[in-house]
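Here is a briefing on one protein structure. Please keep the model open while you read.

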Amino acid sequence: MLTEKETLQRAKLYLLKLKMGIDPITDKPVDETTLHNERLLKCFTYICSALDKQIEAMDQVSVKPERTTGTSHHKKPPFAITQEQKQQIQLSGQDCLSSELTQAINDAVDDKSRRKLLAKNINGWLEEQGYVKKITDTQGKEHRDIGERAAEIGLTSKTGMGAYGEYPIVMFSEQAQQFVLEHIEEIVAFAEKEEG
């Protein structure tokens with residue numbers, strides 16, 4: 001039986017496949033005219049983002065008790081990736097979200113004894129480097145948008161629609177995805193520093 005987190009991950013995977021025009025059950029292409037409706041694609045992107053936040057929140061909750069007990073030796077070791085695993089990463093060949101990129105990286109590593117790489121690790125490092133920036137909308141909610149250096153690595157921004165209106169979504173071109181993979185060790189070091 002699937003855990004709640006595994007169910008959320010599967011739901012997210014189904015939506016990502018639908019967004020790419022693939023039937024998540026049969027893995028065969030579906031009628032693109034139905035699925036490539038702009039409103040549906042925005043909906044899929046929004047729900048994937050919401051699911052990703054929920055999964056990240058579950059990861060954070062599962063780590064907190066270990067930190068408060070003072071038994072740090074029970075914590076999972078940090079994320080790590082080998083050169084062979086890097087070569088196994090299946091990039092989509094099209095623009096994607098940071099959550100989709102981290103999913104591809106974690107799938108290639110597939111090491112349950114270690115922590116997973118999170119989208120916030122990639123986004124945080126990119127923010128520190130000036131490729132993305134945090135903005136606050138009129139409702140006081142924080143979002144990430146492309147920074148001054150975004151074009152250098154192929155990051156773009158598109159508009160998403162949420163419960164509180166429009167918000168920016170940072171999109172990773174194939175060039176940006178490769179850039180992240182080339183700097184994965186720096187991103188992992190950044191994540192370790194941030195998590196203390």
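This is a predicted model: local features need pLDDT of at least 70, side-chain atom pairs count only at pLDDT 80 or more; totals for chains, interfaces and linings use all residues.

A search of the whole structure finds 2 aromatic pairs. Trp-125, Tyr-131 and Phe-179 are linked by ring pairs into a cluster. Helix H9 packs against H8 with axes 4 Å apart, and the axes of H9 and H6 come within 9 Å.

**Aromatic cluster**

- Trp-125 and Phe-179 form a tilted pair. Their ring centres are 6.0 Å apart, with 35° between the planes.
- Trp-125 has a relative accessibility of 3%, so it counts as buried; the cut-off is under 20%.
- Phe-179 is buried too, at a relative accessible area of 13%.
- Tyr-131 and Phe-179 make an edge-to-face pair. The centres lie 5.2 Å apart and the planes stand at 70°.
- Tyr-131 belongs to the loop between H6 and strand S1 (132–136), while Phe-179 is in helix H8, so this pair ties together parts 48 residues apart in sequence.
- Both Tyr-131 and Phe-179 are buried.

**H8 against H9**

- Two packed helices are described by the angle between their axes and the distance between the axes.
- For H8 and H9 the angle is about 65°, and the axes are 4 Å apart. H8 is therefore roughly perpendicular to H9.
- H8 contributes Val-180, Leu-181 and Glu-182 to the contact. H9 contributes Ile-184, Glu-185 and Ile-187.
- By class, the residues of this contact are 4 nonpolar, no polar and 2 charged.

**H6 against H9**

- The axes of H6 and H9 cross at roughly 100° and come within 9 Å. The two helices are therefore roughly perpendicular to each other.
- On the H6 side the contact uses Asn-121, Ile-122, Gly-124, Trp-125 and Glu-128.
- On the H9 side it uses Glu-186, Ile-187, Phe-190, Ala-191, Lys-193 and Glu-195.
- The residues of the contact of H6 with H9 divide into 5 nonpolar, 2 polar and 4 charged.

**Glu-194**

- Glu-194 lies in helix H9 (residues 184–195).
- Its relative accessible area is 54%, so Glu-194 is exposed; the cut-off is over 50%.
- The C-alpha atoms of Glu-194 and Trp-125 are separated by 9.9 Å. The two residues are 69 residues apart along the chain.

**Thr-102**

- Thr-102 lies in helix H5 (residues 98–109).
- Thr-102 is buried, with a relative accessible area of 5%.
- A polar atom of the Thr-102 side chain lies 2.9 Å from the backbone oxygen of Ser-99.
- Leaving aside neighbours within four places in sequence, Thr-102 is in contact with Leu-117, Leu-118, Ala-119 and Ile-122.

How values were computed
Residues are numbered from 1 along each chain as its sequence is written. Side-chain values use heavy atoms; hydrogens and water are left out. Buried means under 20% relative accessible area, exposed over 50%, partly exposed in between (1.4 Å probe, protein chains only). Rings of Phe, Tyr and Trp (its six-membered ring) pair if their centres lie within 6.5 Å; planes under 30 degrees apart count as stacked, over 60 as edge-to-face and the rest as tilted. Axes are lines fitted to C-alpha atoms, for helices over the stretch in contact, and angles run from 0 to 180 degrees between N-to-C directions. Angles under 35 degrees count as roughly parallel, over 145 as roughly antiparallel, 65 to 115 as roughly perpendicular and the rest as oblique. Contact means heavy atoms within 4.5 Å. Ala, Val, Leu, Ile, Met, Phe, Trp, Tyr, Cys and Pro count as nonpolar, Asp, Glu, Lys and Arg as charged, and the others, Gly among them, as polar. A polar contact is a pair of N or O atoms within 3.5 Å; within protein, one must be able to donate a hydrogen and the other to accept it, and residues adjacent in sequence count only if both atoms are side-chain atoms.
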